[in-house]
Amino acid sequence: MVSFQIPLGMQSSTLLETSCGYLLQELQMIWDEVGEDQYEREKVLLDLEQECLEVYRRKVDSANTSRARLHQELADSEAEFTHLLLSLGERSLPTRPEKMAGTLKEQLDSITPALRDMQLRKAERVKQFKSVQGQIQKISAEIAGHSEYEGLPSTVKVNENDLSLKKLEEYQAELQRLQNEKSDRLRTVEKYISAIHNLSATLGMDSSMIITKVHPSLNELCGMSKNISDGILAKLNTTVEYLQEEKQKRIERLHQLGKALKNVWNLMDTPYEDRQLFSHVMELSLLSPAEVNDSGRLTLHIIEQAEAEVERLDQLKASKMKELFLKKQIELEDICHKTHMEIPSRSEMHNIMNLINSGEIDHADLLMSMDEQIAKAKEEASSRKVIMEKVEKWVIARDEERWLEEYNMDENRYSVTRGAHKNLKRAEKARVIVNKIPALVDLLIAKTKSWEEERRKVFLYDEVPLLAMLEEYNLLRQEKEEEKQRQREKKKVQAQVVVEQENLFTTRPTTSFRRLSNRSINGGFINATPVNRRPSLGIQQLESNSICSATQGISLIKERKKAEGRNTRSRHGLSHPMEETVSVVSTFPGPLSP
């Protein structure tokens, strides 16, 4: 029975002693009354002892399990607390107990509030991460061009192992960058859309259709968020560039049409009222492309109207162009004719007229070219003025020289006839002019050479080089002088022959004289051929009748011979008919019959 005694240190020992002792006494009284043997009694007591041990063991095991669970909960709480501190990026927490003491339940109760606070903070931090990351995903999707209705996943995965403020600030910085980029892209899109509206209004196009063609979300009427992806920005930029190029092309086209209209108006003297109908086209030539922003200023209708007007005026201009060209051609030919310059060939002018009829030549350029040719001809005529004045004097002197030669050939020039004294006075003046010809020719040659050296071209007079004409004239003049010298020598020989013949005339005055005069005259005419047969294109163009050098030489010899004949008659007492016969014979050189 000693084994059933309960330790005194236990809190329920008194209760056990009372209840167990009472029951054990009651059991012994029953056994005594029944007469239970000792063996059975001990067996029952042993069973009772075993059952008590098992009950104690179960209680101890249960207490151990409860203690282990508390240890585990405490460890898990501490581990979770530490993990939350690390994930939230915080080294310590004011509410966390630094050193825990007391029973396990006390320790668990002390860490539970701090753990719950950390869990709340983690939940709040995760919520912040989800919000920031969600916005980042949304803006990134908008920048990437993914619309909201394309069914992109909206779940945000948050890395709960790193919920530090540093990481949150990194996400927030990324979000701020994306928001700035989105704002920039939206401003760029609005800028492009505004440019499209302005350009379309200027060009007379439907801006809404153009914008919708780029992307439907850009149209404000669709109610969708604007697509701000790189592809859309590129399309908007391409669209704006296309509209700007179209604007530039239309401006250039209107500039060309305005220039064409102005040229045709000036050419055809179009009235001011007709010009006012296209004043808006002319105003564009005074504006830069950036200044042309008015609505409907560059519509296709305006360009088509201007093109139709230019085409209509071109048809009218073609006929008037022929008239103007012919007038300028006549003006140019008149200048060249007056100044004896080279006139443009008729075949070239005919080809130009054919080009005008076919429309293959620009009328403005043609008129400009003709004006340049006329100006060039006037300038050259001005540079030729001094020389041409000298040439005119030379031509007049040549005419006087020719007249003087013809006058000297007239045997009746000294006869008393009407106007003879006027011819005599003119002959005196002509001799003065003719004597100045050599100096005038030398001056002309010097000035012509100087002009040609300065201009680096040949001085033409009626398409013939003037220097060649002057040199040829000098050569002819030199040949005439030589001919005169030969005639003088022949005259001396003929004078001697005449003297000898006069001596014979005294014996046979009638027959010999008649025979001599016939032979002399015939011989004289036979041999009086022109000495100079050299062709001269310049001289032929310079004067209508060429000068016969032999005739001039004959006239000079004739005059001198007549004077000598008068002296001979005075010495020999010849009759008047004899004097005339001798004079004629002495005039024409040639062999004389004995």
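**Helix packing and nonpolar cores in a predicted model**

The crossing of α12 and α13 is left-handed. On the α12 side the contact is made by A397, E400, E401, W403, L404, Y407 and N408. On the α13 side the contributing residues are N423, L424, R426, A427, A430, R431, I433 and V434.

E401, one of the α12 residues in that contact, also has a polar partner: its side chain makes a polar contact of 3.5 Å with the side chain of K480. K480 belongs to helix α15, which spans residues 466-505. The relative accessible area of K480 is 6%, and K480 is counted as buried because the cut-off is under 20%.

In soluble globular proteins, nonpolar side chains tend to be buried together. The largest nonpolar core here has 57 residues, and V189, I196, L218, L236, L254 and L298 have the most contacts inside it. Elements giving two or more residues to this core are α2 (38-87), α3 (104-144), α4 (165-203), α5 (207-214), α6 (230-268), α8 (279-284) and α9 (300-338). Helix α6 supplies the largest share, 13 residues.

Beyond its neighbours within four places in sequence, L218 is in contact with V189, I193, I211, K226, N227, I232 and L236.

Conventions: Residues numbered from 1 in each chain as written. Predicted model: local features only at pLDDT ≥ 70, side-chain atom pairs only at ≥ 80, totals over all residues. Heavy atoms only, no water. Helix = DSSP H or I, 4+ residues; strand = E, 2+ residues; numbered from the N terminus. Buried < 20%, exposed > 50% of the residue type's maximum accessible area, 1.4 Å probe, protein only. Polar contact = N/O pair within 3.5 Å; in protein donor to acceptor, adjacent residues only side chain to side chain. Core = buried A, V, L, I, M, F, W, Y, C linked by side-chain atoms within 4.5 Å. Contact = heavy atoms within 4.5 Å. Left-handed = near helix turned anticlockwise from the far one by under 90°.
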